[in-house]
Structure formats: C-alpha cells, structure tokens
Amino acid sequence: MEQRTPRQPSHRRGGTAPRPRSRTFRRTRAVIFALCAAVLAVAVGTGVHSAAQARPTAAVQAGSVTDGPAPVSTSNGQAPAAAATTPAATETAAPAPPAAGVIDAELDARINAIIDANSEYQLGVALVDLSDGADLTAVHEYGVQAAFVAASTAKVLAAEAYYHLVETGRASLDDPLGAYTADFQLQAMIQQSDNDSWSLIMDAVGYAELTDYAASIGVDYAPTSNTLTPAEMARILAGLYSGTLLEPAHAAQLLSYMQDTNYETLIPAAVPAGITVFHKYGLLAGQLHDAGILAQDGRAYALVIYTKGAGLGSVPERTDVIHQVTAAVAEGLF
C-alpha cells in the first residue's frame, strides 16, 4: 500500500500584512516544514523496514533460499534480524533425508519388524538392488535364510534353463512339446503357472542338466526336492533382469510372461501405480511365495518373499504379510 504523508495546513497570503507579522509567519512556516520533514522521514523509514521484511519471504517462495530454515516471526509479526544467516540457525537445520533407492538400516528395521510381528509363520525375505551400477551379488536377507520348498517360483529357473538350451543350439522354441510348441509351454508355465507345461519343460531340459545349469549360476537346486533359499531365488531374478543369463530377446520374452499372470494378488497388489512388476508366485500346501522384480525410472530391485504356515488356512494372513513387506520396500526405495 502506498504511504501517504499528512496533508499540510493551508495558509492564506495577507498581502498588506505589516513586517512583524510577516516575520512571525516565516517562523511558523519553518516549524511546520520541519515537522513535515520529520513525519516524512518516519514514513520512508517504515517503508524500507517493510521492504526488508518482504524480501526474505519472496526469496523463500521462489525457492532461491537453499541454506538454513525459513525466517521465524516474533509475536509482533516481525522477523528477527539476520535469523537465516546466524551460525546457530545453520547448525540446527534438519538433516537431509537419505538418498532415494538406498537399502538402508531404516528399511532393514521395517522389514525385520514385520517378520517379528508375524512369528507364527516362517518368513524369509531377500532383496537385491538391480539398478545400473549396483552390486548384483549383494543380497539383503531377512528372517529365515534356509531353503523352502520353492513351489512354482522355481518355474522361472526351469524357463531360463530351456532358453539356455535354445541359445546353445540344443533346442528350439518351435520344438513340439506335448500338443504345442516349446514357446507355448513356456508361456503357459510362467503366465498361467500350468503344471503340465512345467513337467514338459523339465523333461525337455533333463533333471541333471537343470541341476548343472543352476550350479553354473550359483544356485543349489535339485528338481526332486524343488527347494531354494530366498537369496537363491533373488539371484535367479537378478541374472534374468540384468541380462547376464540370457540373450536380450529371450530375457525380454520371459519377463513379458511374468506380467498379467493368473495370480496378481500378492506383490503386484501392494505396489503403487507407476512401478512395473514382473513376478512368479508359488502356492503349495503350507507354502505361499512371491518372487518379483520392481522397476521404475532406471531403478530396479528383486524382491523375494517366501512364507510357510501350517496349511492353506493362513493364506489371507500371509498375503497381508507379503503386502506389508512389499509396501515397505516400495515406500523406501521409490
């Protein structure tokens, strides 16, 4: 708002006034001018003070202030002088949050807390950073680290082994397996979790060949027992997503089969919109598992959650546990 100075009193000129009266008039006028000048000085000073207050506020709104907290107002609405530049204000500024995408102690604690709160089940979780430049061998493990019956999550390993045969010239995606081609059976085995297709793929690979292939990628697997640790399953996913196991076209095809599957109620159901999920679930007697890859904007993570209960009666409760772990990972890493 524009500052206005007080209106000066008007004076009529008395053209025939005697000299003594004229001298008195001049003295009075000088006093009035002095008073007006004083009032004007106060008004101008007030305007400068108001502008000084407004400048830091405008800078904060524009996002140009990067150090120290925002100015603090006193009870009369005025900001303390140099509040944003004092050493004390700088020292008490809130610490910067951890970088996004880091598997840190806070996320470790959240996952462990979920596992501890559900001790009536056997729970094993493995997490690997698959982002560019990350160490794919660094597996973060939580809860049970021993082998579980892998159920249908092991179908990803069987698919990789068959693609390996194709890439080494010992098989073809067009080979007949049952009533359909190998390509058809691979898709049915992964996307629909078809057990007949799994049997055909396993026979085509061979049990001994499958064990040898698993060993070549650092996984201890025997088809007769069908057991994997969560960490081993995470390595199977890491090799697939990173392109270190299969040729790009075959890796992309297998990953495409791991989307829009016949069972999307586990990891995919707890992932926020915008994050891509590739996964393979497993459900067998007391086993309820999901093994997935979460990816968004150049960041990706393998997340394996294996659970075991007394039977199928606790599937709803363990589904909720899987959702809790997934939500913690998604919130902490994306």
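Reader: Which residue in E9 stands opposite Val 128?

Author: Val 128 has Ala 302 across from it in E9. This is a predicted model, and every value below is computed from it.

Reader: How do you know that strand E1 and E9 pair, and in which direction do they run?

Author: Two strands pair if at least two bridges are found between them. Strand E1 (residues 122-129) and E9 are joined by eight bridges, so by that cut-off they are paired. They run antiparallel.

Reader: What makes strand E8 a partner of E9?

Author: The same test applies: at least two bridges are needed. Between strand E8 (residues 287-296) and E9 there are 10 bridges, and the two run antiparallel. Ala 295 stands opposite Ala 300 in E9. The hairpin of E8 and E9 has two residues between the strands, and Asp 297 takes a positive phi near 50 degrees there.

Reader: Why is strand E9 called mostly covered?

Author: Buried means under 20% relative accessible area. Eight of the 10 residues of strand E9 (residues 299-308) are buried, so the strand is described as mostly covered.

Reader: What is the strand order of the open sheet?

Author: The five strands come in the order E2-E1-E9-E8-E7, with antiparallel pairing. Strand E2 (139-143) and strand E7 (276-284) are the edge strands, as each pairs on one side only. On average, neighbouring strands of this sheet are turned by 10 degrees against each other, direction ignored.

Reader: How many bridges join E7 to E8?

Author: Nine bridges join E7 to E8, and these strands run antiparallel.

Reader: Which residues is Gln 122 in contact with, leaving aside its neighbours within four places in sequence?

Author: Those residues are Val 144, Phe 148, Tyr 306, Thr 307 and Lys 308. As for Gln 287, its C-alpha atom is separated from that of Gln 122 by 9.5 Å, with the two residues 165 apart along the chain.

Reader: Why does Asp 260 count as exposed?

Author: Exposed means over 50% relative accessible area. Asp 260 has 66% relative accessibility, and therefore counts as exposed. Asp 260 is found in the loop between helix H9 (248-257) and E7. Its phi is near 50 degrees, a positive value in a residue other than glycine.

Reader: What makes Ala 285 exposed?

Author: Ala 285 is at 54% relative accessibility, so it counts as exposed against the cut-off of over 50%. Ala 285 sits in the loop between E7 and E8. Phi of Ala 285 is near 50 degrees, a positive value in a residue other than glycine.

Reader: Which residues of helix H7 are buried?

Author: In helix H7 (residues 207-216) the buried residues are Leu 210, Tyr 213 and Ala 214. Seen down the axis of H7, these buried residues fall within an arc of 100 degrees, so they line one face of the helix. What covers them includes helix H4 (155-167) and helix H6 (195-205). On the face turned away from the buried side, H7 carries the exposed residues Ala 208, Asp 212, Ala 215 and Ser 216. Just after H7, Gly 218 takes a positive phi of about 85 degrees.

Reader: Where does pLDDT stay under 50?

Author: That holds over residues 1-93, for which the model has 26 contacts beyond four places in sequence. Where pLDDT is low, the predicted coordinates should not be read in detail. For the protein chain the mean pLDDT is 80, and 70% of its residues reach 70 or more.

Reader: How many helices and strands does the protein chain have?

Author: The protein chain has 10 helices and nine strands. Of its 334 residues, 38% are buried.

Notes. Residues are numbered from 1 along each chain as its sequence is written. This is a predicted model: local features need pLDDT of at least 70, side-chain atom pairs count only at pLDDT 80 or more; totals for chains, interfaces and linings use all residues. Side-chain values use heavy atoms; hydrogens and water are left out. Buried means under 20% relative accessible area, exposed over 50%, partly exposed in between (1.4 Å probe, protein chains only). Helices (H or I, at least four residues) and strands (E, at least two) are DSSP runs, numbered from the N terminus. Axes are lines fitted to C-alpha atoms, for helices over the stretch in contact, and angles run from 0 to 180 degrees between N-to-C directions. The arc is that of the directions from the helix axis to the C-beta atoms. Contact means heavy atoms within 4.5 Å. pLDDT is the predictor's confidence in each residue, from 0 to 100.
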